[in-house]
Each structure stands twice: as C-alpha cells, then as structure tokens.
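Biologist: I'd like to learn how to read a model like this one. Could we go through a few features together?

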Amino acid sequence: MLRVVVMVSGGGTNLQAVIDGVEKGSISNAEIAGVISNNKNAYALERAKNHGIPAQCISPKDFADRGKFNEKLLEAVEGYMPDLIVLAGFLVVIPPEMTVKYKDRMINIHPSLIPSFCGTGYYGLKVHEAALARGVKVVGATVHFVDEGTDTGPIILQKAVEVQPGDTAEILQRRVMEQAEWKILPRAIDLIANGKVAVKDGKAFVLEE
C-alpha cells in the first residue's frame, strides 16, 4: 500500500480529487497518510479532517528563518513515512534536502502544458492570465516528478483543454481543473502505486495503461 502525503496551500480541490479517487477505488493500492499545508486557513485542512485524514499546518511565518521552517517541514513529512509526496497547489519552495531525499517519489500538478507557461512566477491564475494574453488555443495540465528546478522534472501525464471564446482567467482555470487536473493527478498516483511509472535518462515512462 503506497503511503501518500499531499501538500497544499489553498482550497484543496486537487486534494479532493485524490481523496475521491482513493475512496471510489480509481486510485488503487494507495492511502493518504497525511496532509500538510503552509496556510492554517487552507480549506484543504478541513477537507482532510472531514475524511478522517491526519492534517497539520507548518507555516514559514511561525519560524525565525527559512532554514528552521525547512527543517520542521521535512520533519513533518517524514513523520508520515510517505512513499509518495504529492504537491497539489503547494506554494512554498521545497527544501533542497527534501528534493534529494524524495527523488522520483515527489510529484506536482501544474496548470499548463509544460514547457509552456511554467517556471518561476507561473502559478494559480497567473498561468491562465498568461495563456489568454498570448492567445493560445489549447492549454491543459501536467503531472511531473519534482526535481531541483521549477516545473522541470520528468513529465508523467499531460491533458489538453481547449480555450473558448470569451474565457476569463477564472473560467479557464476552472475548466482546466475539471477537464485535466482532477483527472490526471489521481491517474498518475494510481499508476505509481501500481508500479507502472519508470524514470530513465531524465524522462518518465508509463509502462502500461
């Protein structure tokens, strides 16, 4: 059974998609061991509580410096003994020690088709605002392994979503969530839980569908 820790900063809609996947069985051979947020007001913590999942807040604001925060964050993660860490809208830079320790065992969901609209500064609505400003016709979401860069790790799954006339950033964000993020994140976890994802030469491969 794959022990999964989900890290979130906000509402937790992707967390909910993972919870639903585990409860309905579309994510097999996996359990959510814990949820960690950097924001004590994140509704994601309430979602975890509602489903009996251990959850806690580790906020940079509660520590004198980033080094101490990083130490406590890693300590909290390790307390759940995770096999896989899922960054589901976690808006804090991951400590380098954590990236090294959980190499090829930490994944992130990003609301674009990487390598478009990704990297430093591209998060949340900013991604969709940039896509609309550029006038692209197709957007989407990507699940990838986390490495030392920003949105640069091996890509596991991607799903495209069409931009519609009259879209605002908020409308597009919602469509990308519904049509892409909430589908490919649970799918990626299920594939990993069942040994169907491999990384070779910096690229991720789905071994079988």
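Biologist: Which residue with positive phi follows helix 2?

Modeller: Gly52 comes after helix 2, and its phi is near 70°. Helices here are DSSP runs (H or I, at least four residues; strands are E, at least two), numbered from the N terminus. This is a predicted model: local features need pLDDT of at least 70 and side-chain atom pairs 80 or more, while totals for chains, interfaces and linings use all residues. Residues are numbered from 1 along each chain as its sequence is written, and side-chain values use heavy atoms, without hydrogens and water.

Biologist: Which residues of helix 2 are buried?

Modeller: Buried means under 20% relative accessible area (exposed is over 50%, partly exposed in between; 1.4 Å probe, protein chains only). In helix 2 (residues 43–50), Ala44, Leu45, Arg47 and Ala48 qualify. They lie on the same side of helix 2 because their arc around the axis, taken from the directions to the C-beta atoms, is only 155°. Their cover includes strand 1, helix 1, strand 2 and strand 3.

Biologist: At what angle do helix 5 and helix 6 cross?

Modeller: Axes are lines fitted to C-alpha atoms over the stretch in contact, with angles from 0 to 180 degrees between N-to-C directions. Those of helix 5 (residues 125–134) and helix 6 (residues 169–193) come within 9 Å and cross at roughly 110°. Helix 5 is therefore roughly perpendicular to helix 6 (65 to 115 degrees).

Biologist: Is Arg175 buried or exposed?

Modeller: Arg175, in helix 6, counts as buried because its relative accessibility is 15%.

Notes
Contact = heavy atoms within 4.5 Å. Parallel < 35°, antiparallel > 145°, perpendicular 65-115°, else oblique.
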